Amino acid sequence: MVETAAATASNNGVREARRSPAAHLAGTFEAASLAGVAEIKEIPFQTMAGIRVQRDSDAGARIAQVAGGLPATCGEVVERDGVSVLWLGPAEFLVIAPENAHESLGGDLLPALTEALGDGQGQVVDLSANRTVFELSGTRARDVLEKGCSLDLHPRSFKAGTALSTEIGHIPAILWKSGEDTFQVLPRASFADFLGRWLVDGMREFASPEVP
Amino acid sequence: MLLISCPNCGPRDETEFHYGGQAHVAYPEDPYALNDREWAEYLFYRDNTKGAYAERWVHSTGCRQWFNMLRDTVSYEIQAVYPMGTPAPGGSAPGTTANTAQAPEGASK
């Protein structure tokens, strides 16, 4: 019985039918990665919610309670229990949570956020299919990104736990430094193929055997 | 490449921004009172300043917010960045007044 319930929650048929924006690149990513130096993988189907609300309003305070807080300045990320809130603008935020937070898999993040907004001014939109996540990690990850991103990515100015909306390889994307050597790159789904291949191309020199 | 200081995000490359034309062009108080020439002037006629010029920009791949900027059209020097809805610093710089009442050159022919 328990088994059946679990199976219904995670295998309602939709999950198997879904294909992530860079699913076709999985083999390319694996072949291009070199452990510890430069690795890339897609983390598909994250639950994402776009929030537009004034931070200092009542609705903002209610949403902050559900989401774990709303970041105040550019770059700031608030994290609580695996749910991260990224600053996109003075009144615009992106909530990122694991896949199973989506109501199609039994989660309740979006209904909870919508309820918290209530009739306050703002909006809560399910953006789970809007972007995909590439995780680029390794000691050379920063060098790969620096080939196409004009931000100062040196650790003294771009610290772990910061996310900035910018351009990478001329593609608008969110760059989130989630660890010292780990970057999450969030392009829109339609740019996933291009940016995925672009990053693989940038990794090639680091993930190849050194020429003596 | 210009390095533009977004009021929210700090200095970013020009490619992250989009241009919004001349700033401080006020919408006519009563558009129906305008004749065709005045309406056309409101819609299409803009200053073509040599020197300091107030213009609107939006940080489209960043915070997606609009702001005003005072830029020298000759040297590209950015003299000021200030929020929407506030008057241009200095005030007297060309292009910083609302669409001037003067008829454009040749308009009276």
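Guide: In the contact between the two chains, where contact means heavy atoms within 4.5 Å, 14 residues come from chain A and eleven residues from chain B. This is a predicted model, in which local features need pLDDT of at least 70 and side-chain atom pairs count only at pLDDT 80 or more, while totals for chains, interfaces and linings use all residues. Residues are numbered from 1 along each chain as its sequence is written, chains are lettered from A in the order in which they are written, and side-chain values use heavy atoms, with hydrogens and water left out.

Between chain A and chain B about 990 Å² is buried, and carbon and sulfur atoms give 42% of that area; buried area is the accessible area (1.4 Å probe) that two parts lose on being put together, summed over both. Of the area that chain A buries against chain B, A:Pro90, A:Ser165 and A:Glu167 supply 37%, more than any other three residues.

The rule finds one salt bridge across this interface, a salt bridge being a side-chain nitrogen of Lys or Arg within 4 Å of a carboxyl oxygen of Asp or Glu. This salt bridge joins A:Glu92 to B:Arg64, whose closest N and O atoms are 2.4 Å apart. On the side of chain A that touches chain B, the elements giving two or more residues are β4 (83–89) and β8 (162–168) of chain A, strands here being DSSP runs (E, at least two residues) numbered from the N terminus. The largest share of that side, four residues, comes from β8(A).
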